[in-house]
Amino acid sequence: MTSSPDAKTVIISPSPRLPFVILLLSAGLLLLPLRPWPTLVVSLFSVFLLVQTYILKLEFNEEDLVVWRGQQELRRFPYSQWMTWRLFAPWLPGLFYFRETQSIHFLPILFKPAELREQLQQRVGHLEKLDT
């Protein structure tokens, strides 16, 4: 986790767990009759995710979650528009779900889940959707 000097802006560290798990699981597809095509497709997808893991950055600041690709800002998600959020299966390479007033977002967890949860609880903890 990288913090700015004033500790109000935090960038979550990357975690390549999801791409590596998908790559390992793709080997199991060699048992299918169409081999090697399913394995090749899923393996290429895992390589794509691995590249995205190190290109994309999640930045938490006081008012927004900002998604960066390298030095280019892709999108801002103001906390004031968030309705709820949840991490699905963070112990596995899971999904990060959040809902804004206008849209729903699902992101693969390409970042360290503990750091992601810590920042979400600090910034929008009251909006966490818990199991009922």
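Me: Which residue forms a salt bridge with Glu 73, and how far apart are the closest N and O atoms?

Reply: Side chains of opposite charge can pair when their charged atoms come close. A salt bridge is counted when a side-chain nitrogen of Lys or Arg lies within 4 Å of a carboxyl oxygen of Asp or Glu. Here the partner of Glu 73 is Arg 76, with the closest N and O atoms 3.0 Å apart, and both residues belong, together with Asp 64, to a network of salt bridges. This is a predicted model, in which local features need pLDDT of at least 70 and side-chain atom pairs count only at pLDDT 80 or more, whereas totals for chains, interfaces and linings use all residues. Residues are numbered from 1 along each chain as its sequence is written, and side-chain values use heavy atoms, with hydrogens and water left out.

Me: Is Glu 100, which also forms a salt bridge, buried or exposed?

Reply: A residue is called buried under 20% relative accessible area, exposed over 50%, and partly exposed in between (1.4 Å probe, protein chains only). Glu 100 has 4% relative accessibility and therefore counts as buried, while its partner Arg 75 is partly exposed at 40%. Their closest N and O atoms are 3.9 Å apart.

Me: Where does strand 4 sit, and which strands pair with it?

Reply: Helices (H or I, at least four residues) and strands (E, at least two) are DSSP runs, numbered from the N terminus, and two strands pair if DSSP finds at least two bridges between them. Strand 4 covers residues 64-69, and because 5 of its 6 residues are buried, it is largely enclosed by the rest of the structure. Strand 3 pairs with strand 4 in the antiparallel sense over 5 bridges, and strand 5 is joined to strand 4, also antiparallel, by 6 bridges. Strands 3 and 4 form a hairpin with 3 residues between them, whereas the hairpin of strands 4 and 5 has 2 residues between the strands, and there Gly 70 takes a positive phi near 65°.
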